[in-house]
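Please read them with the coordinates open beside you.

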Amino acid sequence: MLSIYRLPGHLPNEKIIKVIRKDIFVLFKKIFLGALLALLPFFVLQIMLNSFPALLSGDLSYPLVVLGASAYYLFVWLFLFFSFIDYYLDIWIITNERIIDIKQEGFFSRVISEQRLNRIQDVTSEVTGIMPTILHYGDVFVQTAGTQQRFYFHQIPNPDKIRDAIIKLAEINKIKHGESK
Amino acid sequence: MVFPLYFLLFPYLIFLGVWAVFSLTAIYHMLRFGFKNITTLLVTIIYISVSAWLLYTSYKYINQINWDTHVSLLKGMFEMPTQFFK
């Protein structure tokens with residue numbers, strides 16, 4: 001298990017400033033979809049029973065309905081659990097030395113990347129869309145020195161505050177490492 | 001085409017095998033990479049409990065069916081329900 005006291009590649013005197021996950025609304029959307037998927041068979045069954053009243057008493061149809069319903073609900077439950085894992089295990093950790101991006105990609109892939117704060121050149125926050133504007137969530141892009149990829153915080157709450165915090169920490173870190181002009 | 005009903009159980013068992021592999025992988029990810037806190041433990045326990053309940057409920061319904069019955073796949077397949085013409 002991950003512990004806040006055992007960061008990947010822990011540096012001396014490194015302190016966690018913030019642990020960020022996607023906005024809770026992103027998880028609610030998936031839970032809502034899961035609930036809809038769970039209710040869907042009841043409506044479908046009602047419609048089917050109107051057309052085929054013997055559906056639940058047929059020699060072949062009843063076992064098919066039982067096996068189908070069982071497989072369907074096991075799948076929906078797994079989908080909900082994995083949606084939670086996707087939300088829960090995708091985290092960004094901001095420390096006084098670096099930002100760490102831990103990403104769960106699908107069932108069998110996990111990516112951990114990091115960026116030193118003193119290499120940060122530009123931080124941009126972006127909120128687009130109706131729900132993100134109302135609920136104050138969006139993206140933060142961190143551009144670093146060199147040709148390296150931009151660091152990308154996806155659908156996080158209060159992106160403006162996170163951007164300000166990263167800029168401030170990067171400045172402090174540059175002064176600490178004697179890189180500030 | 002006549003076949004014993006238990007033939008339907010084979011694809012279902014294959015599905016259960018795949019589902020079990022994915023579930024175990026998800027639980028492993030949760031316990032291995034989740035934060036050491038109550039949320040990780042609670043969500044994992046809820047997942048296992050609800051899964052066990054779903055499997056038990058499925059077993060109860062599946063167990064009531066006589067799987068040795070032989071059924072015909074095409075018999076009556078193209079007969080339209082009578083209420084379509086009312």
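1. In E7 of chain A, the residue that pairs by a bridge with A:Gly138 is A:Ile156, and the bridge partner of A:Tyr137 in that strand is A:Pro157. These pairs should be read with the reminder that this is a predicted model. Strand E6 (residues 137-144) of chain A is joined to E7(A) by five bridges, and the two pair in the antiparallel sense.

2. On the E5 side, E5(A) and E6(A) also run antiparallel, with six bridges between them, and A:Val123 is the residue that stands opposite A:Val142 in E6(A).

3. A second open sheet in chain A has four strands, ordered E1-E2-E3-E4 and paired in the antiparallel sense. Here the edge strands are strand E1 (16-20) and strand E4 (110-116) of chain A, and each of them pairs on one side only. Neighbouring strands of this sheet are turned by 15° against each other on average, if direction is ignored. Within the sheet, strand E3 (residues 98-104) of chain A pairs with E4(A) over seven bridges in the antiparallel sense, and the partner of A:Lys103 in E4(A) is A:Val111.

4. For H1(A) and H2(A), the packing angle is about 175° and the axes are 10 Å apart. Angles over 145 degrees count as roughly antiparallel, and H1(A) and H2(A) are therefore roughly antiparallel to each other. On the H1(A) side the contact includes A:Val26, A:Leu27, A:Lys30 and A:Ile31, and on the H2(A) side it includes A:Phe79, A:Leu80, A:Phe84 and A:Tyr87. By class, the contact of H1(A) with H2(A) has 13 nonpolar, two polar and one charged residues.

5. A:Phe43 deserves a separate look, and it lies in helix H1 (residues 24-51) of chain A. Is A:Phe43 buried or exposed? A:Phe43 is exposed, because 9 other C-beta atoms lie within 10 Å, and a residue counts as exposed if that number is 12 or fewer. Between the C-alpha atoms of A:Phe43 and A:Trp77, which are 34 residues apart along the chain, the separation is 19 Å.

6. Turning to the interface, 27 residues of chain A are in contact with 30 residues of chain B. Helix H2 (residues 61-89) of chain A gives the most to the side of chain A that touches chain B, contributing 16 residues. That side of chain A divides by class into 21 nonpolar, four polar and two charged residues.

7. As for the overall make-up of chain A, there are four helices and seven strands, and along the sequence they follow the pattern β-α-α-β-β-β-β-α-β-β-α. The radius of gyration of chain A is 23 Å, well over the 16 Å that the globule rule gives for 181 residues, so the chain is more spread out than a compact globule. Along its principal axes the C-alpha trace of chain A spans about 80 × 35 × 30 Å. Buried residues make up 23% of the 181 residues in chain A. Among contacts in chain A between residues at least 6 apart in sequence, 54% join residues at least 24 apart.

8. Chain B, for its part, has two helices and two strands, and from the N terminus on these elements run β-α-α-β. Of the 86 residues of chain B, 5% count as buried.

Notes. Residues are numbered from 1 along each chain as its sequence is written. Chains are lettered from A and ligands numbered from 1 in the order in which they are written. This is a predicted model: local features need pLDDT of at least 70, side-chain atom pairs count only at pLDDT 80 or more; totals for chains, interfaces and linings use all residues. Two residues are in contact if their C-beta atoms, placed from the backbone, lie within 7 Å. Ala, Val, Leu, Ile, Met, Phe, Trp, Tyr, Cys and Pro count as nonpolar, Asp, Glu, Lys and Arg as charged, and the others, Gly among them, as polar. A residue is buried if 20 or more other C-beta atoms lie within 10 Å of its own, exposed if 12 or fewer, and partly exposed in between; C-beta atoms are placed from the backbone. Two strands pair if DSSP finds at least two bridges between them. Axes are lines fitted to C-alpha atoms, for helices over the stretch in contact, and angles run from 0 to 180 degrees between N-to-C directions. The radius of gyration is taken over C-alpha atoms; the globule rule is 2.2 Å times the number of residues to the power 0.38. Angles under 35 degrees count as roughly parallel, over 145 as roughly antiparallel, 65 to 115 as roughly perpendicular and the rest as oblique.
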